[in-house]
Amino acid sequence: HFDILQVLVFEGAVNCKATRSATADSFTKIVVTHEAVESRRIFTLGDSPRIAIDLVRPAPPTPPEVQPPAEPIPPPSPAEIEPWQLRNFTTPRGPLHVFVLEVDPAAEGVEVRPALARHTIRRRSSVRRIAQQSGAIAAINGGYFAAQGPPLGWLVIDGEWIKVPMYGRTAIGFWADGRMRMGNVRFRGTVKLPDGTSLRLEGINQGAQDPNGVVLYTWRWGQELPGDATKTRLVLNREGEVMVVETYGRPVEFPHTGYVLSGSGNSAETLRQVKRGDKLQVTLETRPAWDGVRHALGAGPRLVLDGKPHITATAERFRWDVNSGASPRSAVGFTKSGKLLLVVVEPAGEQVRGATLSELASILVKLGAWQAMNLDGGGSSTAVAANGKVINHPGDGQARLVSNALVVVPKAARAGE
């Protein structure tokens, strides 16, 4: 309640006007109309009671005469980008260069697979370097990642789960027989103890979020798991046999062919009852089930569903700038006949920022995509050709260091074999 009500409006700042009127129930109604570009912030002030409304002033338009003319980026020659192809598309903001690689795994004897920057998830590298390490004939940047390096989303390489699905976002999966699948997947993991007790597995190689949860860690995390007296750590071999039970907060080393279970809160108390030599059953699943998947990469959002644009940025909890902004983009998809499409989009002129998700989806449909999803973009968008050359112009002339990539390798020269 305010004994004295005063409305001060700096009209013109955001085209703001205020009107005041009395209501039938003896309240005062204030209506403020404005053209602010962001949400308002309302708060009260004391020492003479006041209601304050903060509105953001719109940025003044840049006079057209001060804008320098756009300078087109010269396209590379076909020989420079082999085996990629260059396509040109136009947006209302200007032209785009679209690098496209079409792969037929069954006919060409190649395999498309995710690859990490390093053996552990806490390292980053350029897509070019990842391609060289993998013996790839082509590569594109992969999914999202944290600033410290760990991937943010599902990652499976050669059947090894490295990270679990995030927010049920879109992922692409590859099977040994050449099949591909794209869809929204969620993680479901359990740990079954010898006495029949079942604990929910929160995730893999990530910080604990649930105060009573269980997290599985592998050697991909690093050399050891730091000590924590509030947690119970079990070191298991490949067969699930308990080798070490650590309850005193000491660090534990990772077995190269095993893993570590870390329990917090009530789960820590439950895991304390496990003895060395006990066998535990760990189950890693997705909903829906993707049984037998050999490689998987999560990113998102979905861009194309059954040959039509279908953008799921809001449902997959992406920020508004990912959904609405224009920037260099990377995408992966496949045609109805089973050919894989790798796509990198970048501006063809200095004033063009790139493509929106809607524009990228339309481009993919025109390229023949039956299913497609977005990958990490912006400074991460990188296309590498057979000669190890980066054929697009990522970032400010220097490619961003990334956590993972999608590489195209000959089946006889797969990394690690």
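**Entry 1: Gly-368**

I started at Gly-368, which I found in the loop between helix H6 (357–366) and strand S27 (371–374). The model is predicted, and I kept that in mind for what follows.

**Entry 2: helix H3**

Next I went to helix H3, which spans residues 127–134. Which residues of H3 are buried? I listed Val-127, Ile-130, Ala-131 and Ser-134. Looking down the axis of H3, I saw that these buried residues fall within an arc of 100°, so they line one face of the helix.

I then checked what covers the buried residues of H3. The cover includes four strands that I wrote down: S7 (110–116), S8 (138–141), S28 (383–384) and S29 (404–410).

After the end of H3 I came to Gly-135. The phi of Gly-135 is positive, near 70°.

**Entry 3: the cavity**

How many cavities of 30 Å³ or more does the structure hold? I found one. For the largest cavity I recorded a volume of about 40 Å³.

I took the lining in sequence order. Sorted by class, the lining has six nonpolar, two polar and one charged residues. I counted Arg as charged and Gly as polar.

**Entry 4: the whole chain**

Last, I collected the overall values. I counted six helices and 29 strands in the protein. The protein has 417 residues, and 46% of them count as buried.

I asked what share of the contacts with a separation of 6 or more is made by residues 24 or more positions apart. The share is 67%.

For the surface, I noted that the protein exposes about 21800 Å². Carbon and sulfur atoms supply 50% of that area.

Technical notes. Residues are numbered from 1 along each chain as its sequence is written. This is a predicted model: local features need pLDDT of at least 70, side-chain atom pairs count only at pLDDT 80 or more; totals for chains, interfaces and linings use all residues. Side-chain values use heavy atoms; hydrogens and water are left out. Buried means under 20% relative accessible area, exposed over 50%, partly exposed in between (1.4 Å probe, protein chains only). Helices (H or I, at least four residues) and strands (E, at least two) are DSSP runs, numbered from the N terminus. The arc is that of the directions from the helix axis to the C-beta atoms. Contact means heavy atoms within 4.5 Å. Accessible areas come from the Shrake-Rupley method with a 1.4 Å probe; for residues, only the protein chains shown count as cover. On a 1 Å grid over the protein atoms alone, a cavity is a set of points where a 1.4 Å probe fits but cannot get out, and a pocket is an open set with protein on both sides within 12 Å along at least five of seven lines; lining residues have an atom within 4 Å of a point. Grid points are joined across faces, edges and corners, and a volume is the space filled by probe spheres set on the points.
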